[in-house]
Amino acid sequence: MVNIRLTDEERHICTDDLAEQFAVGRLDEDELHRRVDLLNDAVTHGDLIPIFAGLPTPSLYKPAPRTPGKWRWAAFIGAVWMALPFALAGLLFLVFGREIVAAIFGLPALAWVFFAYRWASRPRRDDRRGSGS
């Protein structure tokens, strides 16, 4: 990527990264202005190397964080389908007065579905917990 030309969006991202480094105290004001001037004059990605010398890698080159896929919800639906016969058997036993047998069949099936739901929704809960509080 050294010879690929920079876009305006990539320059904007790099400017934000330099501003963040200034905010955390890695750069003083003069150094920030010098590096931003170099950034405005930069043409290719290779020109960014001296701009970010001594600083963490710009976010432009960091891979995007992985988002959880829909496969967790597909696994949850599979867990529901696996638990459905046991839940129906428990319901059938409950209707015919066999409460203990109904509990033996039905409660583990309901617990299986509950924990599968908690597992499938975990990435979303972790995102809310990390960003909100």
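Start by selecting residues 8–24 and 29–41, which are helices H1 and H2 of this predicted model. Their axes come within 10 Å and cross at roughly 170°. An angle over 145° counts as roughly antiparallel, so H1 is roughly antiparallel to H2.

Now show the side chains where the two helices meet. On H1, pick Arg 11, Cys 14, Thr 15, Leu 18, Ala 19 and Phe 22. On H2, pick Glu 29, Leu 32, Arg 35, Val 36, Leu 39 and Asn 40. Colour them by class and you get seven nonpolar, two polar and three charged residues in the contact of H1 with H2.

Next, click on Leu 27. Which residues does Leu 27 touch, not counting those up to four places away in sequence? The list is Leu 18, Gln 21, Phe 22, Leu 32, Arg 35 and Leu 55.

Leu 27 also belongs to the largest nonpolar core, so keep it on screen and build up the rest of that set. The core has 12 residues: Leu 6, Cys 14, Leu 18, Leu 27, Leu 32, Val 36, Leu 39, Ala 42, Leu 48, Ile 51, Phe 52 and Leu 55. H1, H2 and H3 are the elements that give two or more residues to this core, and the largest share, three residues, comes from H2. As background, nonpolar side chains in soluble globular proteins tend to be buried together.

Slide along to Thr 44, in the loop between H2 and helix H3 (48–51). Is Thr 44 buried or exposed? Thr 44 has a relative accessible area of 17%, and the cut-off for buried is under 20%, so Thr 44 counts as buried. To see what Thr 44 is in contact with, leave aside its neighbours within four places in sequence and select Val 2, Asn 3, Ile 4, Arg 5 and Leu 6.

Now jump to residues 71–95 and 99–120, helices H4 and H5. Their axes come within 8 Å and cross at roughly 165°, which makes H4 roughly antiparallel to H5. Turn the view and you can follow H4 passing H5 in a left-handed crossing. Colour this contact by class as well: 23 nonpolar, two polar and two charged residues take part.

Finally, zoom out to the whole chain. There are six helices and zero strands, so from the N terminus on the elements run α-α-α-α-α-α. Of the 133 residues, 26% count as buried. Among contacts with a separation of 6 or more, 62% are between residues 24 or more positions apart.

Methods:
Residues numbered from 1 in each chain as written. Predicted model: local features only at pLDDT ≥ 70, side-chain atom pairs only at ≥ 80, totals over all residues. Heavy atoms only, no water. Axes fitted to C-alpha atoms, helices over the stretch in contact; angles between N-to-C directions. Helix = DSSP H or I, 4+ residues; strand = E, 2+ residues; numbered from the N terminus. Parallel < 35°, antiparallel > 145°, perpendicular 65-115°, else oblique. Left-handed = near helix turned anticlockwise from the far one by under 90°. Nonpolar A, V, L, I, M, F, W, Y, C, P; charged D, E, K, R; others polar. Contact = heavy atoms within 4.5 Å. Buried < 20%, exposed > 50% of the residue type's maximum accessible area, 1.4 Å probe, protein only. Core = buried A, V, L, I, M, F, W, Y, C linked by side-chain atoms within 4.5 Å.
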